[in-house]
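Have a look at the structure below.

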Amino acid sequence: MNFDDYNFLNKKAIVRVDFNVPLNENFEITDDTRMRAAIPTIKKIINDGGSAIIMSHLGRPKNGPENKFSLKHIVPHLSQLLGLEVKFAPDCIGNQAKEIASKLKAGEVLLLENLRFYKEETNGDLQFSKELASMADVYVNDAFGTAHRAHASTTIIAGFFPNDKMFGYVIENELNSINKVLNDSTGTITAILGGAKVSSKISIIENLIYKVNNLIIGGGMTYTFIKALGGNIGSSLVENDKLDMALNILNIAKKNNVNIYLPTDSIVADKFDNNANTKLCKVDEIEEGWMGLDIGQESVNKFIDVINNSDTILWNGPMGVFEMSSFENGTKKIAKALVEVTKKGAFTLIGGGDSVAAINKYNMADKVSYVSTGGGALLEYIEGKELPGIAAIKSK
Ligand code: AMP
């Protein structure tokens, strides 16, 4: 069912959002991106004349309620973002929550306390899901970041709304953007993969290799490939048990006519430290005692050239240790190149933990086509896995 086409008039919608926002020691929100992302979905429901029961998790409470993980801390900010007074239920299930929910009038919004104060949430408990479901007429899932978990509020609850379940705008936008890269693209498609380890990206590479024209590899992963090809990598990060896998990837790429671009030069350092001694050298001629912590200028130029000739680009993982200013050049230049190519009409999707952190660090998030909100969920989707939260809405 399409969210935009659904009329919420006189309906109570229970909406799973991702309000897992960072709070400081005074319980102030230090980054409200995830909250702002969900506002259009909530507004659509209340503007239609419906009411919204909002549910989310916050942090990782271990054993029942904990003040520092209470969603009550975010009520004032949510009220401000929505321009109305949000009600709060101090327990996500039970009589009080039911009572407030039953009295909700059109245009009103209720926030439930942290779902993860109950272990039943992460266990995907049926009875718990039923209790949540009993408060509403329609279920909306708008939490892409937890769509890869079969939790009560993300997956099991959908079973109680066979004819009234749908994604909100956040998930719809995520799926449209990823599918644009994976399935609907015309022209040249390029994936840029970086980050620390080959092992954590292997399933992604294995799926992407059948979908893209170019695969750019950077970051710490580089050196496992270079060593597998017989190069000298000094003390760079390496996964010695993945050398065969790296060669295998290169072979599959060749068979499928995918161009693989590995760095040709590196900024190497004599220790893992921002103040280390550094020098530029060929990526396969790194001396013992030196480690590659960023890509060199020749590699940057080559990668930018590939980016400029692409129509669709997916970027996951930094090109170097971008957290240290001495080794951020490659990552920054790639981010800039993505901004430029977006201006020329290319579709650029940035996703997965650290590349999102990088694009935010350089204040470029609004200058690319789409920045994914779902780290792990996005990666599993790209790997070709079926996400339980997505499947639960799509199944009849
Ligand atoms: P990932 O979570 O796998 O995307 O990895 C991100 C991390 O990889 C970041 O913290 C980077 O600092 C790190 N990284 C990137 N390039 C290198 C490198 N050449 N050597 C060691 N770590 C790196």
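This is a predicted model: local features need pLDDT of at least 70, side-chain atom pairs count only at pLDDT 80 or more; totals for chains, interfaces and linings use all residues.

Q: Which polar side-chain atom lies 2.5 Å from an oxygen atom of the ligand?
A: Start with the residues around the ligand: there are 14, and the closest include K201, E323 and D354. For K201, a polar side-chain atom is 3.1 Å from a ligand oxygen. For D354, the distance from a side-chain N or O atom to a ligand oxygen is 3.4 Å. The value of 2.5 Å belongs to a polar side-chain atom of E323.

Q: How much of the ligand's accessible area does the protein cover?
A: The ligand sits in the second largest pocket. On its own, the ligand has 510 Å² of accessible area. Of this, the protein covers 80%.

Q: How many residues of the shell around the ligand are charged?
A: Sort the shell by class. Six residues are nonpolar and five are polar. The charged ones number three.

Q: Which strands are the edge strands of the open sheet?
A: Six strands form the sheet, with parallel pairing. Their order is β10-β8-β7-β15-β16-β17. An edge strand here pairs on one side only. That describes β10 (259-261) and β17 (370-371).

Definitions and conventions
Residues are numbered from 1 along each chain as its sequence is written. Side-chain values use heavy atoms; hydrogens and water are left out. A residue is near a molecule or strand if one of its heavy atoms lies within 4 Å of it. A polar contact is a pair of N or O atoms within 3.5 Å; within protein, one must be able to donate a hydrogen and the other to accept it, and residues adjacent in sequence count only if both atoms are side-chain atoms. Accessible areas come from the Shrake-Rupley method with a 1.4 Å probe; for residues, only the protein chains shown count as cover. On a 1 Å grid over the protein atoms alone, a cavity is a set of points where a 1.4 Å probe fits but cannot get out, and a pocket is an open set with protein on both sides within 12 Å along at least five of seven lines; lining residues have an atom within 4 Å of a point. A molecule sits in a cavity or pocket if more than half of its atoms lie within 2 Å of its grid points. Ala, Val, Leu, Ile, Met, Phe, Trp, Tyr, Cys and Pro count as nonpolar, Asp, Glu, Lys and Arg as charged, and the others, Gly among them, as polar. Two strands pair if DSSP finds at least two bridges between them. Helices (H or I, at least four residues) and strands (E, at least two) are DSSP runs, numbered from the N terminus.
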